[in-house]
Amino acid sequence: MAVDNDGIAVVTLQRPPVNSLNLDLLQAMNNTFDDVAKNKSKGMILTSASPTVFSAGLDIMEMYKPDPKRVETFWVTLQDMWLKLFGASFPTAAAINGHAPAGGCLIATSCEYRVMLSGKFTIGLNETALGIVAPTWFQDSLRHTIPTRQAEIALTTGKMFTVDEALKVGLIDETAADKAEAIEKCKKFIKRFDKIPSLARGMTKQIFRQEVLKKLLTNRQADTKQFLDLVNQPKVQQSLELYLAMLKQKSQK
Ligand SMILES: CCCC/C=C/CC(=O)SCCNC(=O)CCNC(=O)[C@H](O)C(C)(C)COP(=O)(O)OP(=O)(O)OC[C@H]1O[C@@H](n2cnc3c(N)ncnc32)[C@H](O)[C@@H]1OP(=O)(O)O
């Protein structure tokens, strides 16, 4: 994490090759979000050290033939990450410098503002296409960002949006030519709040987002059980196995 002299924290995801979200990365993100809150940073920008991938979403290896204890901890840590990021009182923005499928899209849509690099990148919640179901809060993050009807169609079809499509539907707010420009545009968004009292801003955001946050907060155990039931279904394990094999085959070409 870097905090520059204008007081904005730039947090760079750095788990090669594709920033897939495993337990360790999620724990590191949670610690970093706590630090950003403690340091009273003006805001936080999330970006990636990879030149082509913002985040490939959840690490499928955490869900494929999982260890029962670890997979539960993994899910609870993911819930924590989302609660901290979606519910952060400080301003948040994502400089999306590469692909952002599934959990990568979740991170981006949990922020308040998104700038994505122009190029052949895609963003979206593709879970149904993999034979898995995007949890309520994943769906809520998308519904919070794009119109409900577009969100329903995107979720049921597992749509991955091109950068142009994402801009058109409002899934991203701006495009940028490169990472530096994306970060600059995110900073400009965060600096819009320079003259707004931070307590009033933060509380307004939390009230605006509270319904969605409360849904998970009051339902965490049931959400965890639902995930564990789903992930342990033979059909889901079969889908994950096929998908992993497809990814491996593709990367070896
Ligand atoms: C019941 C579950 C509910 C919760 C729902 C789940 C939400 C999720 O987030 S599931 C994860 C969904 N993610 C994806 O569908 C993305 C998959 N990845 C890709 O499409 C591409 O990797 C990507 C476009 C991101 C990048 O492409 P490339 O730059 O060409 O990289 P490679 O495809 O060659 O991948 C390199 C290397 O990484 C492995 N990989 C990729 N994604 C994942 C992942 N999500 N989890 C684990 N591992 C992943 C890939 O297999 C390659 O491995 P090696 O062959 O060993 O090099």
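Two residues are taken to be in contact if their C-beta atoms, placed from the backbone, lie within 7 Å. By this criterion, and leaving aside its neighbours within four places in sequence, Ala49 is in contact with Thr12, Leu13 and Gln14. The structure is a predicted model, in which local features need pLDDT of at least 70 and side-chain atom pairs count only at pLDDT 80 or more, while totals for chains, interfaces and linings use all residues. Residues are numbered from 1 along each chain as its sequence is written.

The secondary structure of the chain comes to 10 helices and nine strands, where helices (H or I, at least four residues) and strands (E, at least two) are DSSP runs numbered from the N terminus. The radius of gyration, taken over C-alpha atoms, is 17 Å, close to the 18 Å that the globule rule (2.2 Å times the number of residues to the power 0.38) gives for 253 residues, so the chain is as compact as a globular protein of that length. Along the principal axes, the C-alpha atoms fill a box of roughly 55 × 40 × 35 Å. Among contacts in the chain with a separation of 6 or more, 78% are accounted for by residues 24 or more positions apart.

A residue is counted as buried if 20 or more other C-beta atoms lie within 10 Å of its own, as exposed if 12 or fewer do, and as partly exposed in between, with C-beta atoms placed from the backbone. On this basis, 40% of the 253 residues of the chain count as buried. Ala49, which lies in the loop between strand 3 and helix 2, is partly exposed, with 13 other C-beta atoms within 10 Å. Its C-alpha atom is separated by 32 Å from that of Glu152, a residue 103 positions away along the chain.

Strand 3 (residues 43–48) is mostly covered, since six of its six residues are buried. In a regular strand the side chains alternate between the two faces of the sheet. In strand 3, Gly43, Ile45 and Thr47 point one way and Met44, Leu46 and Ser48 the other way, and all are buried. Two strands are said to pair if DSSP finds at least two bridges between them; strand 2 (residues 8–13) pairs with strand 3 in the parallel sense over six bridges, and the bridge partner of Val11 in strand 3 is Leu46.

A further group of strands forms an open sheet of three, in the order 5-7-8 and with mixed pairing. Strand 5 (100–101) and strand 8 (161–162) stand at the edges, each with a single partner strand, so one side of each is left without a neighbour in the sheet. Strand 5 runs parallel to strand 7 (residues 122–124) and is joined to strand 7 by two bridges, with Gly124 as the bridge partner of Pro101.

A nonpolar core is a set of buried Ala, Val, Leu, Ile, Met, Phe, Trp, Tyr and Cys residues joined through C-beta atoms within 7 Å. The largest such core has 66 residues, of which Ile45, Ala93, Ala95, Ile96, Ala108, Ile123 and Cys186 touch the most other members. Helix 2 (residues 68–86) gives the most to this core, with eight residues.

The ligand is surrounded by 27 residues, of which the closest are Gly57, Leu58, Ala102, Gly103 and Ser251; a residue is near a molecule if its C-beta atom, placed from the backbone, lies within 6 Å of it. Two or more residues of this shell are given by helix 9 (220–231) and by helix 10 (234–252), and helix 10 gives the most, with four residues. The shell divides into 16 nonpolar, seven polar and four charged residues, where Ala, Val, Leu, Ile, Met, Phe, Trp, Tyr, Cys and Pro count as nonpolar, Asp, Glu, Lys and Arg as charged, and the others, Gly among them, as polar.

Most residues other than glycine have a negative phi, and most peptide bonds are trans. Ala102, in the loop between strand 5 and helix 3 (103–110), has a positive phi of about 50 degrees although it is not a glycine, and is buried, with 26 other C-beta atoms within 10 Å. The peptide bond from Pro16 to Pro17 is cis, with omega near 0 degrees.
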